[in-house]
Amino acid sequence: ITFQLGVEAPGETVVCPLQSSDTTQGVVNTASIVVNPSDWNTVVTVTLTAVDDVLIDGSVSVTAEFQPCTSTPNGKFDGYDPDDVVVAVDDNDAPAIDAVFSTSPTTSESGGGAVMMVSLQTAPAGTVTVTLTGTTPSGEVAATPAELVFLTSTWNIQQQIALTGVDDSVNDGDVEVTITLSSTSTDSAYNGLTTLATVTNEDDASDGVIVTVVGAYTTEAGGDMQLHISLSNDPTRDVTVIVTSADA
């Protein structure tokens, strides 16, 4: 905002107070403009700086309000009231669910876990419930709790979800799991939001053939022993085990 007193030297000192109409949205960098006889024709710059908040309030108009000026020693400009200036403050806030890991984003089928911290990005106008609505692929991790509640007074306080790897008998390697968090709220800005987080579930399975011998030996008279054969994990397709003798 630029200010210049006029086109004629006032011959005295002029003080013009000013203020912001809403200091929660914008503030001016000076409480008054002072024009001296020696610099009466100098353009004065006033800065109105937007205040960053956590509210979703859209574009807001803030006025740099001038109050009636005073001048000394003759009072020539007493009561002069410059025009106010209206400035639009654009909002930079957007509703979102924040999900970050306080540990490594890794679980394991042997029971290793990870902790995900959840909060809201901006202050809601009502209670927000965040629910873990799915893991993809399913059956790889378990989550506790599956639901978090954020009040208007606790929206920025992180709450945790504990993730634990689920063991299976399939050698499926390390699996990247996508976790979906969804919100419901009476605040329309926070109703129906979704955010995704990713965790890796490490496999603890290894392929192998298990052979158990029943009976210590055979005889040439026809005695026999048994081999009980099984697999160490569930196969993804049929497996054929070929048994041969080292001395037929």
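Cys16 counts as buried, at 1% relative accessibility (buried means under 20% relative accessible area, exposed over 50%, partly exposed in between, with a 1.4 Å probe and protein chains only). Before we go on, note that this is a predicted model, where local features need pLDDT of at least 70 and side-chain atom pairs count only at pLDDT 80 or more, while totals for chains, interfaces and linings use all residues. Residues are numbered from 1 along each chain as its sequence is written, and side-chain values use heavy atoms, with hydrogens and water left out.

Back to Cys16, which forms a disulfide with Cys69, the sulfur atoms lying 2.0 Å apart; the criterion is a pair of cysteine sulfur atoms within 2.5 Å. By this rule the count is one disulfide. The link ties together distant parts of the chain, 53 residues apart: Cys16 is in strand S2 (residues 13-20), and Cys69 is in the loop between strand S7 (60-66) and strand S8 (70-72). Strands here are DSSP runs of E, at least two residues long, numbered from the N terminus. Because the torsion about the S-S bond of Cys16 and Cys69 is about 110°, the disulfide is right-handed. Cys69 is also buried, with a relative accessible area of 1%.

Now to the sheets. Strands of a sheet pair through backbone hydrogen bonds, either parallel or antiparallel; in this description, two strands pair if DSSP finds at least two bridges between them. Four bridges join S14 to the antiparallel strand S16 (residues 159-165), and Val141 has Gly165 in S16 as its bridge partner.

Pro105 is partly exposed, with a relative accessible area of 35%. Leaving aside neighbours within four places in sequence, Pro105 is in contact (heavy atoms within 4.5 Å) with Ala114, Thr198, Val199 and Thr200.

Strand S11 takes us to an open sheet of five strands, ordered S11-S18-S17-S13-S15 with mixed pairing. S11 and S15 (147-150) each have a single partner strand, so one side of each is left without a neighbour in the sheet. Eight bridges join S13 (residues 128-136) to S17 (residues 175-185), which run antiparallel, and Thr129 has Thr184 in S17 as its bridge partner.
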